[in-house]
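Please keep the structure in view while reading.

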Amino acid sequence: MSRPLRLNFPGAVYHITSRGNARAAVYLGDEDKQYFLDLLVHCVEKFNWICHAYCLMDNHYHLLIETPDANLQIGMRQLNGVYTQQFNRRHARVGHVFQGRYKAILVDKDSYLLELCRYVVLNPVRAKMVDLPEQYGWSSYAAMMGARSEMPWLSTEWILSQFSSRKSNARKRYRQFVLEGIDQASPWGQLKGQVLLGGEDFVEALRPYIQDSEKMDEVPRAQRLLNRPALTELFEDREKLIKTQRDEKIKEAHLYHGYKLTEIGRFLGLHYSSVSRIVSGDR
């Protein structure tokens, strides 16, 4: 069975989600949700996490967690593990509550954290549970807007500082920013290797942490390929390459490094069918 690639380093930011086993509910009522939040508070404090946003849906949850001490895995083991034990005890059940391992996407804080904070709190709106995010009681939106003051464990400073140095102005602009996102596409179209959300510079900066991932057979192939060279590196000085050299580079990019034919074609200005013929040897 494959297991997701986990990248841990000080200061990493993650979008984390975990879904119910067989799509079943992980919260059977408000008491379950409150217990999960209490447990999340405990993990934030114990593991020195920074929680930027959260949203608890009926059959899954979303968290945005920053880890100053590179300890996501041990903290998540406690969060999901203890919750599962208590859920089964309270409801006289046995077995898994969550479906497999949690999913953690590593996020470029400067480029995508703000967008994800909006995405997370808009989940109930997209699910048509409410019309506006403030109508849902189990997300971080109300605390961000100052409607709740009993959540010192929730970090609001960074998000609000992106809008204004004055909290009242920041909250007005934050609210407008969130509402503008209701009809926008999710950011997941920019995901790289199933686990990274950031630009090429972000991926390049993480090379030291993923350099051995291609050797791990149990990690999904798309995630192992995070350590592959960029097309600009593979086709360095491509204007000087003779045709046979270029064609060999095309084969290497597709067969060894896993680039899609359309990606290679776009980069080189070639039609998909031309790249396909080169890879297949039918020239």
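A salt bridge is counted here when a side-chain nitrogen of Lys or Arg lies within 4 Å of a carboxyl oxygen of Asp or Glu. The model is a predicted one, and by this rule it has eight salt bridges. Side chains of opposite charge can pair when their charged atoms come close.

The protein as a whole has 14 helices and six strands, and its C-alpha trace spans about 65 × 50 × 35 Å along the principal axes. Of its 283 residues, 47% are buried.

| Pair | N to O distance |
|---|---|
| K33 and D58 | 3.1 Å |
| E134 and R175 | 2.9 Å |
| D247 and R246 | 2.8 Å |

K33 is buried, with a relative accessible area of 6%, whereas D58 is partly exposed at 39%.

The salt bridge of E134 and R175 also links distant parts of the chain, since E134 is in the loop between α4 (123-126) and α5 (141-144) and R175 is in helix α7 (residues 167-180), 41 residues apart. E134 is partly exposed, with a relative accessible area of 36%, and R175 is partly exposed as well, at 30%.

Which residues gather in a patch of negative charge on the surface? They are E233, E236, D237 and E239. Within this group, E236 lies in the loop between α11 (231-234) and α12 (243-256), and E236 is exposed, with a relative accessible area of 55%.

The cysteines can be considered next. The structure holds zero disulfides, and for C43 the nearest cysteine sulfur, that of C51, is 11 Å away. The sulfur of C117 has its closest cysteine sulfur in C51 too, 9.1 Å away, which is too far for a bond, because a disulfide needs two cysteine sulfur atoms within 2.5 Å. Both C43, at 0% relative accessibility, and C117, at 1%, are buried.

Key: Residues numbered from 1 in each chain as written. Predicted model: local features only at pLDDT ≥ 70, side-chain atom pairs only at ≥ 80, totals over all residues. Heavy atoms only, no water. Buried < 20%, exposed > 50% of the residue type's maximum accessible area, 1.4 Å probe, protein only. Patch = residues over 30% accessible without salt bridge, like charges linked within 9 Å, V, L, I, M, F, W, Y side chains within 5 Å. Areas by Shrake-Rupley, 256 points an atom, 1.4 Å probe, with all protein chains shown as cover. Lys, Arg positive; Asp, Glu negative; His and termini not counted. Charge placed at Lys NZ, Arg CZ, Asp CG, Glu CD. Helix = DSSP H or I, 4+ residues; strand = E, 2+ residues; numbered from the N terminus.
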